[in-house]
Amino acid sequence: MKQIRWIPLVVTMAISTVILFGGYTFYRSQLMEKPLTSALSNIDQIEHAEVVWNPSELKINLSLKPTTEIAPVMEQVYDIAKKEASSRKLNVEIVNDASNAHIDQFWNKALFAVAEAMSHQRYGDIPIRLEELAKQDQGIQVETSMDEQNVYITLKDGSNHKTILLPLQGSSMGVWPNEERQS
């Protein structure tokens with residue numbers, strides 16, 4: 001029986017592992033993430049786009065310009081990303097770096113009314129309730145829009161803004177962490 005030469009075996013396995021995983025990482029970053037990121041960055045209203053590929057999910061983080069009309073931009077984003085995502089779940093998030101404490105406080109007040117309208121699928125109530133709250137809080141401007149996938153809310157306070165993307169087919173939320181959804 002031949003003896004196994006351990007040093008060449010371990011070195012060969014290490015080199016093979018580095019080539020395999022290094023090649024996959026290079027392929028993913030250069031041939032998948034980078035082209036999609038540059039295509040999304042070419043959309044006029046997007047300041048910055050970041051793409052993260054996972055085996056089951058394609059996650060896109062977007063920073064938008066303050067004057068953005070969100071629904072047409074998101075339509076372009078979904079058109080571009082769906083071609084690349086294939087069977088992966090597509091998850092788009094808006095990064096709100098330009099928000100401030102006043103906007104965040106307003107959103108905290110409005111959150112219950114918006115969540116209630118979303119859970120009852122009464123999407124027409126969202127702009128009405130937000131406008132009512134905006135009348136009470138001078139300085140906040142509210143813009144809402146909707147398409148077949150999301151409700152979009154943009155809150156502006158001078159040069160600061162916050163954009164919220166609410167999926168129409170979101171997961172239901174229970175009161176307790178272990179509560180099962182009742183059908």
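Predicted model: local features only at pLDDT ≥ 70, side-chain atom pairs only at ≥ 80, totals over all residues.
Guide: Residues are numbered from 1 along each chain as its sequence is written, and side-chain values use heavy atoms, with hydrogens and water left out.

Visitor: What makes β4, β5 and β6 an open sheet of three strands?

Guide: Strands are DSSP runs of E of at least two residues, and helices are runs of H or I of at least four, numbered from the N terminus. Two strands pair if DSSP finds at least two bridges between them. Six bridges join β4 to β5 (residues 150-157), and eight bridges join β5 to β6, so both pairs meet the definition. The order is β4-β5-β6, with antiparallel pairing. Because β4 (141-146) and β6 (160-167) each have a single partner strand, they stand at the edges, and one side of each is left without a neighbour in the sheet.

Visitor: Which residues are bridge partners here?

Guide: Met146 has Val151 in β5 as its bridge partner, and Lys156 has His161 in β6. In the hairpin of β5 and β6, with two residues between the strands, Gly158 takes a positive phi near 65°.

Visitor: What is the order of the other open sheet, and what kind of pairing does it have?

Guide: That sheet has the order β1-β2-β3, with mixed pairing. Six bridges join β2 to β3, which run parallel; Leu58 has Leu90 in β3 as its bridge partner. Helix α2 packs on this sheet, touching β1, β2 and β3, and its direction makes about 145° with that of β3. Such angles run from 0 to 180 degrees between N-to-C directions, with axes fitted to C-alpha atoms, for helices over the stretch in contact.

Visitor: Why is β6 described as largely enclosed?

Guide: Buried means under 20% relative accessible area, exposed means over 50%, and partly exposed lies in between, using a 1.4 Å probe and protein chains only. Six of the eight residues of β6 are buried, so β6 is largely enclosed by the rest of the structure.

Visitor: What makes a set of residues a nonpolar core?

Guide: The set consists of buried Ala, Val, Leu, Ile, Met, Phe, Trp, Tyr and Cys residues joined through side-chain atoms within 4.5 Å. The largest such core has 24 residues; Leu40, Ile46 and Met74 are among those with the most contacts inside it. Helix α2 gives the most to this core, with eight residues. A second, separate core of 20 residues includes Leu130, Ala134, Ile153 and Ile164.

Visitor: Which residues does Met74 touch, leaving aside its neighbours within four places in sequence?

Guide: Contact means heavy atoms within 4.5 Å. Met74 is in contact with Leu62, Val92, Ile94, Tyr152 and Leu165.

Visitor: Where does the largest share of the lining of the second largest pocket come from?

Guide: The largest share, six residues, comes from β3. Among the 14 lining residues, Tyr78, Leu90, Asn91, Asn150 and Pro167 lie nearest the centre of this pocket.

Conventions
1 Å grid on protein atoms, 1.4 Å probe; cavity = no way out; pocket = protein on both sides within 12 Å on 5 of 7 lines; lining within 4 Å.
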